[in-house]
Amino acid sequence: VTHRDIPPPQGRGADRSGAWGRVWDAAFESVRGPAREACIQWWRGRFAEREGVEAVLELGAGAAALASRMAAAAFPGARIVASDFRGGLSFEPPIEFVADARIEALGFPDASFDLIASQFAFEYAPRELALSEAARVLRPSGQVLLIMHAEDSHYAGYLGERIAVLTAGEKIADAIPRGRALHDLHRISLKRAVAGAAQLRERYVGKPGWENVLQDIDSLRAIGERVLTTRSPALSEEEAFLLQNCRDALILARDQQAASLSEQGLAAFAAQGRAAGFLTVAHERILSADRRVVGWGLRLSR
Ligand SMILES: C[S@@+](CC[C@H](N)C(=O)[O-])C[C@H]1O[C@@H](n2cnc3c(N)ncnc32)[C@H](O)[C@@H]1O
């Protein structure tokens, strides 16, 4: 997925995240292959421990809806609901899809589900609200199962790299006064941003799996160079879109990185969980076959 494949973000908050949904989905599918296998194993293990499950809710399911798919296989005949605050996702029965489902303000009645599952999504919602909503819609003997980003996970590392590229884009955007002649000061900072992008390029060239990142760096550098060598530096629609997207993605990537859980963050999470009515909060690291940290697996019970 490149910026060319993504529809321009519209609005703020949920709407903007909707536009970035495709990036989330692509990140999971393409970058995180071995991690996906580790998640599959974790869901399979957790679901095998449960009996008498009649209704399962997945939060922030995205296009992968991995927990829902695993639950559909593990609990034949159960109601399986995949939800997200995005729309436009569809699934084959028995999985029902519910759009506009904000983790922090769910539309489901109290005590509707035996299991609530979420993979790399629960942490994007305000945590206290997310926990109290989960406690509300869960049946008394139910469990919440979460896979969350760990601070040292491959995904957090991926976001770190992404932020480096986006920052280069943001600097270029700062250096270009749109529709006006270039001031000397802007020219100097634009030269710096272009040189920075060239340096960044060296880190990714020939690195399998990072072709998208390289493409972004090259696009950003090309915009900078074009503006430096053109008398009238007005941006084309596509260039303006790329720079705007860089800013939006930067904000989003920072939010996501901030959502990653450290060992210390886990203690705070457990305390918030107890305040919301969960007595047990167990956690374990999930590792892929190549020993990378995929994330935390958390279990919350009454
Ligand atoms: C990193 S993606 C994970 C998607 C999928 N579960 C996976 O593992 O590939 C985060 C997902 O959470 C959704 N999301 C983010 N914040 C949300 C919120 N506050 N309420 C509901 N869904 C949210 C996004 O639309 C996105 O699909």
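A: Ala74 is found in helix H3, residues 66-74. Helices (H or I, at least four residues) and strands (E, at least two) are DSSP runs, numbered from the N terminus. This is a predicted model, where local features need pLDDT of at least 70, side-chain atom pairs count only at pLDDT 80 or more, and totals for chains, interfaces and linings use all residues. Residues are numbered from 1 along each chain as its sequence is written, and side-chain values use heavy atoms, with hydrogens and water left out.

Ala74 counts as partly exposed because its relative accessibility is 38%. The cut-offs are under 20% relative accessible area for buried, over 50% for exposed, and partly exposed in between (1.4 Å probe, protein chains only). Arg44 is 30 residues from Ala74 in sequence, yet their C-alpha atoms are 7.6 Å apart in space.

Next come the aromatic rings. The structure holds 6 aromatic pairs. Rings of Phe, Tyr and Trp (its six-membered ring) pair if their centres lie within 6.5 Å; planes under 30 degrees apart are stacked, over 60 edge-to-face, and the rest tilted. One of the pairs is Phe47 with Phe75, edge-to-face at 5.3 Å centre to centre and 65° between the planes. Phe47 lies in helix H2 (residues 33-48) and Phe75 in the loop between H3 and strand E2 (79-83), so the pair ties together parts 28 residues apart in sequence. Phe47 and Phe75 are both buried. They also belong to one aromatic cluster with Trp42 and Trp43.

Phe122 and Phe269 have ring centres 6.5 Å apart and planes at 75°, so this pair is edge-to-face. It links distant parts of the chain, 147 residues apart: Phe122 is in the loop between strand E4 (113-119) and helix H4 (127-137), and Phe269 is in helix H9 (residues 263-275). Phe122 and Phe269 are buried.

Now the ligand. It has 18 residues around it, and Gly60, Asp84, Arg86, Ile103 and Gln119 come nearest. A residue is near a molecule if one of its heavy atoms lies within 4 Å of it. By class, the shell has 11 nonpolar, 3 polar and 4 charged residues. Here Ala, Val, Leu, Ile, Met, Phe, Trp, Tyr, Cys and Pro count as nonpolar, Asp, Glu, Lys and Arg as charged, and the others, Gly among them, as polar.

Arg86 places a polar side-chain atom 2.8 Å from an oxygen atom of the ligand. A backbone N or O atom of Ala61 is 3.3 Å from a ligand nitrogen atom. A polar backbone atom of Phe85 lies 3.4 Å from a nitrogen atom of the ligand. Alone, the ligand exposes 590 Å², and the protein buries 97% of that. Accessible areas come from the Shrake-Rupley method with a 1.4 Å probe.

Last, the strands. Two strands pair if DSSP finds at least two bridges between them. Strand E6 (residues 280-287) and strand E7 (residues 293-301) run antiparallel, joined by 8 bridges. Glu284 has Gly297 as its bridge partner in E7, and Ile286 has Gly295. The hairpin of E6 and E7 has 5 residues between the strands, and Arg291 there takes a positive phi near 70°. Strand E5 (residues 138-148) also runs antiparallel to E7, with 6 bridges. Leu146 is bridged to Leu298 in E7. E7 is mostly covered, with 9 of its 9 residues buried.

Note on methods. Polar contact = N/O pair within 3.5 Å; in protein donor to acceptor, adjacent residues only side chain to side chain.
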